[in-house]
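Please look over my notes on this model before we discuss it.

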Amino acid sequence: MRDFSLDRAKMVRDQIERRGIKHPGVLAAMREVPRHLFVSMEYQSEAYADYPLPIGFGQTISQPYIVALMTELIQPDPQDCVLEIGTGSGYQAAVLSQLVRQVHSIDRHAELVKGAQRIADQLELTNIQFHVGDGSLGLPEHAPYDAILITAAAPQVPKPLLTQLKVGGRLILPVGERWQQKLERWIRTAEESFDHDQDIPVSFVPLLGEFGWSESDW
Ligand code: SAM
């Protein structure tokens, strides 16, 4: 099989470093994880291009820069336990697995989770645990988390997720309407208090679920 390491190096240089991502661990993880394994054969030649790609079930693997940006925004630490909502292809979880102690990743599509698990097994990424279910409720059985990353667009920050953050924990998610959302970062500064700010405009598929969108409203 073709070795894509030069494509990865170019992706990191041209799309990610050039846009201002500086975290050395994030850059190293993006150079390391073989993104082409997370898409079907049909899309492998585009795996390192500067845009999202289809992964089936109407879902997408996010643009590489957005994966890097969201990972940098959670300020990953090697001791962290991180929850990702929206497993999709499993690529974001694989990037996180290089940077933190434990990753939990949940998706509402069992078939996507199965595919992600298969690739994680192939790459021997033993610190990712996959789950199937409505991630808008979080994953209380493994809470609290040092960081939570939601890779689907929510109408507003889902309340259960704020309560599953540790004090000092960070939550990153896209918030807004169809086609146009903003990345938001929430930080639990004390048991009952949160700070939040906004970053760039983004466009994600919807978070569908109890604390997300209903299919009819999206
Ligand atoms: N992080 C993924 C990757 O690296 O390929 C891309 C995620 S894709 C943009 C969004 C994912 O969110 C989809 O796989 C979708 O099934 C999932 N999703 C939407 N609503 C969800 C919910 N309530 N709970 C869990 N997953 C959800």
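The points below start with the model itself and then turn to the ligand.

1. This is a predicted model, in which local features need pLDDT of at least 70, side-chain atom pairs count only at pLDDT 80 or more, and totals for chains, interfaces and linings use all residues. Residues are numbered from 1 along each chain as its sequence is written, and side-chain values use heavy atoms, with hydrogens and water left out.

2. The ligand is surrounded by 26 residues (a residue is near a molecule if one of its heavy atoms lies within 4 Å of it). The closest are Glu84, Ser89, Asp107, Gly135 and Leu208.

3. The shell around the ligand holds nine nonpolar, 13 polar and four charged residues. Here Ala, Val, Leu, Ile, Met, Phe, Trp, Tyr, Cys and Pro count as nonpolar, Asp, Glu, Lys and Arg as charged, and the others, Gly among them, as polar.

4. Strand S2 (59–61), helix H4 (91–97) and strand S4 (102–107) each give at least two residues to this shell. S2 has the largest share, with three residues. Helices (H or I, at least four residues) and strands (E, at least two) are DSSP runs, numbered from the N terminus.

5. Which atoms lie 3.2 Å apart at Thr151? They are a polar side-chain atom of Thr151 and a nitrogen atom of the ligand. For Arg108, a backbone N or O atom lies 3.3 Å from a ligand nitrogen. For Gly133, the corresponding distance is 3.5 Å, again from a backbone N or O atom.

6. Asp217 lies in the segment after strand S9 (193–202). Asp217 counts as exposed because its relative accessibility is 56% (exposed is over 50%, buried under 20%, partly exposed in between; 1.4 Å probe, protein chains only).

Note on methods:
A polar contact is a pair of N or O atoms within 3.5 Å; within protein, one must be able to donate a hydrogen and the other to accept it, and residues adjacent in sequence count only if both atoms are side-chain atoms.
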